[in-house]
Amino acid sequence: MNSVIRLLTMLSVIACLGPCCGKEVRAADNPKEITRTYQVEGMTCGGCEAGIKLSLKGAGFGKNVLSVSHENGRVMMQFAPEEFGKDTDCKIIKAIQSRGYIAYVDASNKNPCPK
Ligand SMILES: [Cu+2]
């Protein structure tokens, strides 16, 4: 009887260590992606959205684009932590500015990356 209880205890410890621990380790190894929202003034239609997407692609950020919306005046981007550096915001903003739009992250500074 004692050995059966010992066996059951061992089994439950093994079952608990398996999947739950694996999940926690994976989450720690792969921190969450960074999502950034850029406000864009001047877009009026789908053509503007397509043009901005092209510029972002040309700047090497094609795979980071989540959405471009002329209705919301917003560009949403997502980056892996190692892809996002100090100068990333300005690279994005300059790519959008190159099409003649005003772009910024913080409305209190609408020209954060002067040429
Ligand atoms: Cu347009």
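Trainee: Which residue just after H2 takes a positive phi?

Mentor: Gly60 does, with a phi of about 95 degrees. The model is a predicted one, in which local features need pLDDT of at least 70 and side-chain atom pairs count only at pLDDT 80 or more, while totals for chains, interfaces and linings use all residues. Residue numbers start from 1 along each chain as its sequence is written.

Trainee: How many residues does H2 have, and what span does H2 reach?

Mentor: H2 has 13 residues and reaches 18 Å from its first C-alpha to its last. That is close to the 18 Å expected at 1.5 Å a residue, where the expected span is 1.5 Å times one less than the number of residues.

Trainee: In what order do the strands of the sheet stand?

Mentor: Strands of a sheet pair through backbone hydrogen bonds, either parallel or antiparallel. Here four strands make an open sheet, in the order E2-E3-E1-E4, with antiparallel pairing. Two strands pair if DSSP finds at least two bridges between them. E2 (65–69) and E4 (102–104) are at the edges with a single partner strand each, so one side of each lacks a neighbour in the sheet. On average, neighbouring strands are turned by 20 degrees against each other, direction ignored; axes are lines fitted to C-alpha atoms, for helices over the stretch in contact, and angles run from 0 to 180 degrees between N-to-C directions.

Trainee: How many bridges join E2 and E3?

Mentor: Four bridges join E2 to E3 (residues 74–79) in the antiparallel sense. Ser69 stands opposite Arg74, Val68 has Val75 as its bridge partner, and Ser67 has Met76. The hairpin of E2 and E3 has four residues between the strands, and its Gly73 takes a positive phi near 60 degrees.

Trainee: Which residues in E3 are the bridge partners of Thr37 and Arg36?

Mentor: Thr37 has Met76 as its partner, and Arg36 has Met77. E1 and E3 pair over six bridges, again antiparallel. E1 is joined to E4 by three bridges, and Val40 has Ala103 in E4 as its partner.

Trainee: At what angle do H2 and H3 pack?

Mentor: The angle is about 135 degrees, and the axes are 9 Å apart. That makes H2 oblique to H3, because angles under 35 degrees count as roughly parallel, over 145 as roughly antiparallel, 65 to 115 as roughly perpendicular and the rest as oblique.

Trainee: Which residues of the two helices meet?

Mentor: An α-helix has 3.6 residues a turn, so residues three or four places apart point the same way. Ile52, Ser55 and Leu56 in H2 meet Ile92, Ala95 and Ile96 in H3; residues are in contact if their C-beta atoms, placed from the backbone, lie within 7 Å. The contact of H2 with H3 has five nonpolar residues, one polar and no charged. Ala, Val, Leu, Ile, Met, Phe, Trp, Tyr, Cys and Pro count as nonpolar, Asp, Glu, Lys and Arg as charged, and the others, Gly among them, as polar.
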